[in-house]
Amino acid sequence: MMKKMSISTSKTSLVLFLCQIISALDVPLDSKLLEELSQPPTITQQSPKDYIVDPRENIVIQCEAKGKPPPSFSWTRNGTHFDIDKDAQVTMKPNSGTLVINIMNGGKAEAYEGVYQCTARNERGAAISNNIVVRPSRSPLWTKEKLEPNHVREGDSLVLHCRPPVGLPPPIIFWMDNAFQRLPQSERVSQGLNGDLYFSNVQPEDTREDYICYARFNHTQTIQQKQPISVKVFSTKPVTERQPVLLTPTGSTSTKVELRGNVLLLECIAAGLPTPVIRWIKEGGELPANRTFFENFKKTLKIIDVSEADSGNYKCIARNALGSVHHVISVTVKAAPYWITAPRNLVLSPGEDGTLICRANGNPKPSISWLANGVPIAIAPEDPSRKVDGDTIIFSHVQERSSAVYQCNASNEYGYLLANAFVNVLAEPPRILTPANKLYQVIADSPALLDCAYFGSPKPEIEWFKGVKGSILRGNEYVFHDNGTLEIPVAQKNNAGTYTCVARNKLGKIQNEVQLEIKDPTMIIKQPEYKVIQRYGQVSFECIIKHDSTLLPTVTWLKDNDELPDDERFLVGKDNLTIMNVTDKDDGTYTCIVNTTLDSVSASAVLTVVAAPPTPAIIYARPNPPFDLELTGQLERSIDLSWLPGDENNSPITSFVIEFEDALHEPGVWRYQTEVPGSQTTAQLKLSPYVNYSFRVIAVNRIGRSQPSEPSEQYLTKSASPDENPANVQGIGSEPDNLVITWEPLKGFQSNGPGLQYKVSWRQKDVDDEWTSVIVANVSKYIVSGTPTFVPYEVKVQALNDLGYAPEPSEVIGHSGEDLPMVAPGNVQVHVINSTLAKVHWDPVPLKSVRGHLQGYKVYYWKVQSLSRRSRRHVEKKILTFRGNKTFGMLPGLEPYSSYKLNVRVVNGKGEGPASPDKVFKTPEGVPSSPSFLKITNPTLDSLTLEWGSPTHPNGVLTSYTLKFQPINNTHELGPLVEIRIPANESSLILKNLNYSTRYKFYFNAQTSVGSGSQITEEAVTIMDEAGILHPAVGAGKAMASRQVDIATQGWFIGLMCAVALLILILLIVCFIRRNKGGKYPVKEKEDAHADPEIQPMKEDDGTFGEYSDAEDHKPLKKGSRTPSDRTVKKEDSDDSLVDYGEGVNGQFNEDGSFIGQYSGKKEKEPAEGNESSEAPSPVNAMNSFV
C-alpha cells in the first residue's frame, strides 16, 4: 500500500474538494471544469446578522452565491416574500442577489427596518442566507437640563454623571474641557465604564467650570456634547483622611453574565483618602495567564476570549492606609451556539453512501433543526435515500435526483448558527487538472513535489510511475499525498526524469506526464573575509561562486542588511566588491547574496575602519595580485606558466606561490604546487595525468601574501596508469577470525585516470602459500574472513585504473585478529619487604597462549582484613599494570599488619586472560598512627586529667602509650621533660603534684612491638587558686592558659600596674602629711594596704580602683566638697576617727591645705559655712576626683 500523508503546499493551490468525499468544501477553481460540472448553489457573501446602516446613505444588503447553472435570487422580509418589483426604491444588482434600497432620493431608512433573508436557487437545490436584521443608526441629542454647580469639600469623593442619550450603536464617551483637551486621569480621577467621571477624593486643583462629557456616534460620525459641569472645591483644615468606600459597584456582591468569546470587563472604583489602590483576585483560582489585563489604573479587570472556565467569583479589594473594602462579582459565562462539526459539502457518485453531520455546543445546549432547500425537512419532499438522525443525515444509495442543499440551524436564547451544505451526486470519469509535461526544477538534496491535481466521481485512485514503461513507485523513498502529489523528500541526480501520474475510477482512466530536473546547489567557494583598513585606503571583498550551469545567478551586495550606499566609491565586480577611499561611515558588515530561480546563499564579513597614520609615512602593504597568466609548452607531464607581477607596494616581492585546482576531482579546492623566487615570472610545472588543471599565482613580500591572481585557463592532461600505490597500508584483525586490511586511498589527481580500483593481496607469513588477491572499488578497507587467530600475514595493496596497474607495491606485515589469552601466569610468589611494600613474582605465559600482542601483566590485589581488628570491610581491589614481558613488580602502599590476596593476569590487545589462583600474604606490624585525640580536663592547683583515644590505624598490637610533658615559663622556655609509660589498655590518667598556675606541654604517642608512632601534642594550665578565677573548659586548656600567662607581658597591664603603684605612693604621702599636720591620723589597718584586693578591688570594666561606700549614707556632701558621698567612712567601721585628731566635728585645717571638716561620720547634711567657694581642695579630695 502507498504511504499517505495529508499536507497542503503552495503548489497545490487548486483545492480538490470533489476528490475528497466528506471533507470537500468546494469545486476546484478550474474554468474548464466549472463550465462542465453541475453544482448546487453556495452562498459566498452576505451582510452581517445585525446590520446597522447609516440613515443618510443607500442601504445595500449583500447576497452573493455561485453554482452551475448560475442561481436565481429571491428575498423574504419579516418572514414573507419581498416583492422588489413593487417598490421603486428597491433594486437587485445584475447576476447577484444584492439589494440596493435608494434612500438618497427621498426614501426613509426607518421604513425598511426588518428581518431579511436571501435564497439562491438552481436546478440542483436552494441555499439561504442568515436572517439579516436591518436597523438604521441613531444619534439623538442630549436632553436639556439645568446643571447646578458642585460644591465639594476637599478630600470628599465626587461623581460627575454623563448619562448620554441612547443611540444605536451605543456611543463612545470621553471627557474634555472647553479647549477640547482631554481631562487628565489618574488613580484618583478616572472615567467609569458607564461614562461617569469618578473622583476618589477631590483636591483644590479640581476646581473648574468646564467638565464636559462628549458622546461620539461612530456610525454617523457625529459628536454630541453635554452642558459643562462646574466643580468648586472648598478647603477645611485639617483634611480628614477616610478609609475606602466603593463608589461602583454598590453593596458587597453583584452578578454579571458574559458570552463565550467576548471580552469580560469588571470594574471597581473606590473613594477614600489617601487614594485607595485596587487589587483583583479570583476566589478559588488564578486569573487566566496571557488573557488578563488591567486598565484604568487597575480599576478595570479585562479578560479577553472568555470561556466557561472563567466563570466564578472575582473579588476587588480597595485599600489605603486606614483600611480596606471589597466587592465580589459572581461571573457566569454563557455561550451562543458555536460549531463543533459544521456540515460540509458532499460529492457522491450514484449508488454511494454519505453523511452530513451538524454538531454545535453552547450554554444552554442549542437545539438542532434541519432544512432542505430552505424548507423544514419535515415538510420537504421525501427522499428515500435520506434519513435524519438528530444532528446527522444519513444518505444511502444516492441517485442524481438526491442532489440538494441542506441547512443546519443550531440555536439557543443567545443566538443561532446557520450553515448550508450541499449533496451533489455526480458521475464523472477521472480528469487530471495539472498541465501536461509540466517541468519541475529542484536543487539536489531538497524535497521535490510533483503535482497531480485530479477530479472524478467516484474518487479516482492515483498511481505514479517513473518513465513511460516504468514500474509503479512504492517504498519509503517516496511520500504519496491525498491530493495526488508525489513527494521525493531528498531528491538526487538519479531522480531526474519523466514521471507519469495515472488516475482511474470505474468510469475511466487518464494519465499525465511531468518532468523533473535536479540542479546542483549554488555555493560560495571564496567567501568575503574580515578586513581592517586604514581611513582613506582601499579594500576589496571577494565572493567567488559555483553554480549549476543551467541556472543564471545574480549577486547582490548589502551593507548592514541594507542596500549599498549610492556612492561611486563602491565598485561591484563579477566576483568582488571594492570600496575606494574608505571613510569611517563605511564601517560595518558586508554581505554577498547569490540568488538563482531555485536557491539562495549568502556570506558576510566585517569591515573595521581605523585611523590613518598621523604622518604621511611610506605605506608598506602586501603586493597586488599577479595578472595575465598564460600557459605554454603543454606536454603530458609538464607545462610552462608565465605571469605579470602586480604592484609590490613599497616592499619588494620575495617569492611567488603557485597553486592549482583540479576541476575534475576537487572543484573549488586550491592546493600548493610550487614556489619560485620573486625575480622569476615563469615556471615549468610538473603535471599528473587525468587532472583538469587551473593555476593561480600569489605574490609574497615581507608584509604578507597578496590576493590570489585570477585563475588561468584550464588544461586537462591525458589519462595514464597510476604512478603510486596507497600509503599507510596496515593489516590488523578486528575479530579473532578476520584480517582487516586498510590503506589511505589515492586522491583524485593521483588516480591518473578513470576507473580507480585497488588490488588487495595477502598470504600467511612463513607458510608456503600463494598470494590471494581481490580487486575492490575505490574504498579504503577490505576484510578477510576465516583466518586463524593472531597469525602474521604479508599484505600489499596495488592501485589500478582503466589504463593499467601502478608499480608493484611493497609488502607489510600484519596480524589477524586477537583473542583473549588462554593461560594464567603460574608460580606466583610474594616476598613481603616491609609492612607497606611487597614484591610479587610470576612465570611468563607461553607466547602462543597469549593469542595476540603481549601488552603486559596486571596484578589485582586487595586487603582481606586487618589483623589487629579482625573486622572485615568493603573489598576495594587495586590494579597495577606492568608493561611488556615483565615477570615481577612491586606493590606499594600496603597497610601494616593486614591480610592481602592477589592474582596475576596476562593482557593483550583484546583484553585480559584468566586470573592466577589467589595468593594470600600478610604484612608485618608497623608503627601506629597518632592517638585519635588527647583531651585535658579538670584542672586543679596541682593536677590535670588526661583522656585519649586509641590510634585510628594501630598497624599492629599496641603495647603501651608514652606520655612526655614539661612546663613552659612566661618567656616560653621549656622546662625539664618528664616521661611516663602507660599500659595499652588505659584511656585516661590523672597527673598530680604539678605546680599551680603553670602551663604544661604534653607529647603523647602509642607503641607497637615495632616502635613508636607519631605523637599528638596539647597544652594546659593548672589554676591559680581554689577560687578558680580562670577555670578552663574541657578541651580548652591551651586557649585559657594563653590568656592567663600572657597577661603579665601585655603593655596595657604593665602600665596599669605602674599607675596603681603611683596612686598608692601618692596616698601614702598624703597620709604622712596629714599625720604630721593634725597629730594622729589613724585609719583602719586595711586602709594602710591599698593594694589588698579584698579591700581595694580592681573594677572589671575600666581598671580603676574600687570605691568605699557607706551602706546607710548615700547623701551628697556639702556644696564645694569634691569628695563623693560614697567615699565617707562610718565611725563604727573603724576604731579611730579623724574627729579625734581635729578641732571637733566641724574642725577645719588651715588655709595651707590642712583638713577643713567635710570628712565626717555624721549622716545628716551639714549647713554650708563661709568662704566655701574659695576653699582649696584637699589632697584626698583631689585623689578621689582623679580616681
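This is a predicted model: local features need pLDDT of at least 70, side-chain atom pairs count only at pLDDT 80 or more; totals for chains, interfaces and linings use all residues.

Biologist: What percentage of the residues of the protein chain count as buried?

Modeller: A residue is called buried under 20% relative accessible area, exposed over 50%, and partly exposed in between, with a 1.4 Å probe and protein chains only. The protein chain has 1187 residues, and the share of them that count as buried is 43%.

Biologist: Among contacts between residues at least 6 apart in sequence, what percentage join residues at least 24 apart?

Modeller: A contact means heavy atoms within 4.5 Å. Among the contacts in the protein chain between residues at least 6 apart in sequence, the share that join residues at least 24 apart is 64%.

Biologist: Which pattern do the disulfides of the protein chain follow?

Modeller: A disulfide is a pair of cysteine sulfur atoms within 2.5 Å, and the structure holds 6 of these links. When the bonded cysteines are counted along the chain, the pattern is 1-2, 3-4, 5-6, 7-8, 9-10, 11-12.

Biologist: Is the disulfide of Cys 543 and Cys 592 left-handed or right-handed?

Modeller: The sulfur atoms of Cys 543 and Cys 592 are 1.9 Å apart. Cys 543 lies in the loop between β50 and β51 and Cys 592 in strand β56 (residues 588-595), so the pair ties together parts that are 49 residues apart in sequence. Because the torsion about the S-S bond is about -65 degrees, this disulfide is left-handed.

Biologist: Is Cys 1058 buried or partly exposed?

Modeller: Cys 1058 has a relative accessible area of 47%, and therefore it counts as partly exposed.

Biologist: How far apart in space are Ile 212 and Asp 177?

Modeller: Ile 212 is found in strand β18 (residues 208-217), and it is buried, with a relative accessible area of 0%. Among the residues that Ile 212 touches, not counting those up to four places away in sequence, are Phe 174, Trp 175 and Asp 177. Ile 212 and Asp 177 are 35 residues apart in sequence, while in space, from C-alpha to C-alpha, the distance is 5.8 Å.

Biologist: Which residue has the backbone nitrogen that the side chain of Gln 407 reaches?

Modeller: Gln 407 has its place in strand β37 (residues 404-412), and it counts as buried because its relative accessibility is 0%. Not counting residues up to four places away in sequence, it touches several residues, including Ala 126, Trp 370 and Leu 418. At 2.8 Å, its side chain reaches the backbone nitrogen of Gly 374.

Biologist: How much space lies in the largest pocket?

Modeller: A pocket is found on a 1 Å grid over the protein atoms alone, as an open set of points where a 1.4 Å probe fits, with protein on both sides within 12 Å along at least five of seven lines. Grid points are joined across faces, edges and corners, and a volume is the space filled by probe spheres set on the points. For the largest pocket, this space is about 1,700 Å³.

Biologist: Which element gives the most to the lining of the largest pocket?

Modeller: Lining residues have an atom within 4 Å of a point; there are 50 of them here, and those closest to the centre of the pocket are Ser 540, Glu 542, Pro 625, Gln 707 and Pro 708. Elements that give two or more residues to the lining include β48 (523-526), β49 (531-534) and β61 (666-677). The element that gives the most, with 4 residues, is β49.

Notes:
Residues are numbered from 1 along each chain as its sequence is written. Side-chain values use heavy atoms; hydrogens and water are left out. A polar contact is a pair of N or O atoms within 3.5 Å; within protein, one must be able to donate a hydrogen and the other to accept it, and residues adjacent in sequence count only if both atoms are side-chain atoms.
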